[in-house]
Amino acid sequence: MTKRALITGLTGQDGSYLAELLLSKDYEVYGLRRRSSSFNTGRIDHLLNDFRHDKNAKLFLEYGDLADASSLARLLYRLHPDEIYNLGAQSHVHVSFEMPEYTGDVTGLGSVRILEAVRESGVRATIYQASSSEMFGSEPPPQNENTPFHPRSPYGCAKVYAHHIAVNYRESYGMHVSNGILFNHESPRRGENFVTRKITQAIARIHCGLQKKLYLGNLDAKRDWGYAPEYVEAMWMMLQQDTPDDYVIATGETHSVREFVIEAFAHAGLDWEKHVEIDPVYYRPAEVDNLRGDASKARVKLGWTPKVGFDELVRIMVDADIESLEERLRRGEEYIKSS
């Protein structure tokens, strides 16, 4: 029997890769999308085009919002999904300092709205809650499932709430809810305002003569960077377990922003020191210095291990952004002047 999955945040990096994975496993996939004044389906347009004129379509977009409990309840009553992946959030750390209330509402309370809708509707779904390494904040590495939380941003605080409320619903109501504590995971579909993609897009523009300088903040911050398509597979694995649990998903390696910059510019044949400058506006009010995950539990219980290493990840992202920009230039779609 075909399984049915509901994904919040379908149009984001993780949602798009997860949809691809589930469709390859013959799921029916329903994605929650917010009403906006412009189309925001760029990451999944290739999937939508595949199914647009197919009477056997298995990918569907549904309007709804994590800030609107009634829309979530109506969807669950109508769809009765087998699996729910709550990936929707205001997920940018720097933005969370500018919009702390909104971040708390969507990223934190959005999770309880989903859980309560499941409880009230009686839908027997397994649920994935997207937790984050930002919950650990300044706790020393390596961080695992037993490491205390010490969030250093409104985003991190909201994710801690979402994590704990998921555990609470699991223990209070016997719901199959698993938290995936994912460390940084990147790809060519990463949002353009995240530092890794900001770097690789700037390199593409510098390579093509459209930009001269890249302005960054703290180059010494260290992160555990993995490849997003591998991380969504871990999400799916969690919901195939008989018993719900919480899992750290990470590579176990740490690299600084500076290392990412050096590797990325070198791969493009550029001297990073000629192009990168520091702008204090990009510093966080409270910095998270060093995140490195211990995914031993996921390796043992799920059989999950990362395969794409740091250097390969950087190359994938740089090559994709250079190729994409060069293609747009060939089509005459890029007219931005050199700066």
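The protein contains eleven helices and 13 strands, taken as DSSP runs numbered from the N terminus (helices H or I, at least four residues; strands E, at least two). Its radius of gyration is 20 Å, close to the 20 Å that the globule rule gives for 339 residues, so the protein is as compact as a globular protein of that length. That radius is taken over C-alpha atoms, and the rule is 2.2 Å times the number of residues to the power 0.38. This is a predicted model, in which local features need pLDDT of at least 70 and side-chain atom pairs count only at pLDDT 80 or more, while totals for chains, interfaces and linings use all residues. Residues are numbered from 1 along each chain as its sequence is written, and side-chain values use heavy atoms, with hydrogens and water left out.

**Overall dimensions, surface and charge**

- The C-alpha trace spans about 60 × 50 × 40 Å along the principal axes of the protein.
- Buried residues make up 52% of the 339; buried means under 20% relative accessible area, exposed over 50%, and partly exposed in between (1.4 Å probe, protein chains only).
- Of contacts between residues at least 6 apart in sequence, 80% join residues at least 24 apart, where contact means heavy atoms within 4.5 Å.
- There are 40 positive and 49 negative side chains, and the centres of the two sets lie 3 Å apart.
- In that count Lys and Arg are positive and Asp and Glu negative, with His and the chain ends not counted; each charge is placed at NZ of Lys, CZ of Arg, CG of Asp or CD of Glu.

**Buried histidines**

- His185 belongs to strand S7 (residues 185–186) and is buried, its relative accessible area being 11%.
- The side chains of His185 and Asp14 make a polar contact at 2.6 Å; such a contact is a pair of N or O atoms within 3.5 Å, and within protein one must be able to donate a hydrogen and the other to accept it, with residues adjacent in sequence counting only if both atoms are side-chain atoms.
- Not counting residues up to four places away in sequence, His185 touches Gln13, Asp14, Arg190, Gly226, Tyr227, Ala228 and Tyr231.
- His176 sits in the loop between helix H6 (154–173) and strand S6 (177–182), and is buried at a relative accessible area of 13%.
- The side chain of His176 reaches the backbone oxygen of Gln241 at 2.8 Å.
- Contacts of His176, leaving aside neighbours within four places in sequence, include Ala125, Thr126, Ile127, Met238, Leu239 and Pro244.
- Between His176 and Ala125 there are 51 residues of sequence separation, against a C-alpha to C-alpha distance of 7.3 Å.

- Glu287 is in the loop between strand S13 (276–278) and helix H10 (296–301), where it is buried with a relative accessible area of 17%.
- The side chain of Glu287 makes a polar contact of 3.4 Å with that of Asn218.
- Apart from residues up to four places away in sequence, Glu287 touches Arg152, Asn218, Ala221 and Arg223.
- Asp319 is part of helix H11 (residues 310–330) and is partly exposed, at 40% relative accessibility.
- The side chain of Asp319 is joined to that of His267 by a polar contact of 2.8 Å.
- Asp319 and Thr200 lie 119 residues apart in sequence, and their C-alpha atoms are 8.5 Å apart in space.

**Backbone geometry in loops**

- Pro141 and Pro142 are joined by a cis peptide bond with omega about -5°; Pro142 is in the loop between strand S5 (126–132) and H6.
- Asp26, a residue other than glycine, has a positive phi near 70°.
- The loop between helix H1 (13–24) and strand S2 (28–33) holds Asp26, which is partly exposed at 41% relative accessibility.
- His80, also a residue other than glycine, has a positive phi near 45°.
- The position of His80 is in the loop between helix H3 (69–79) and strand S4 (83–86), and at 46% relative accessibility His80 is partly exposed.
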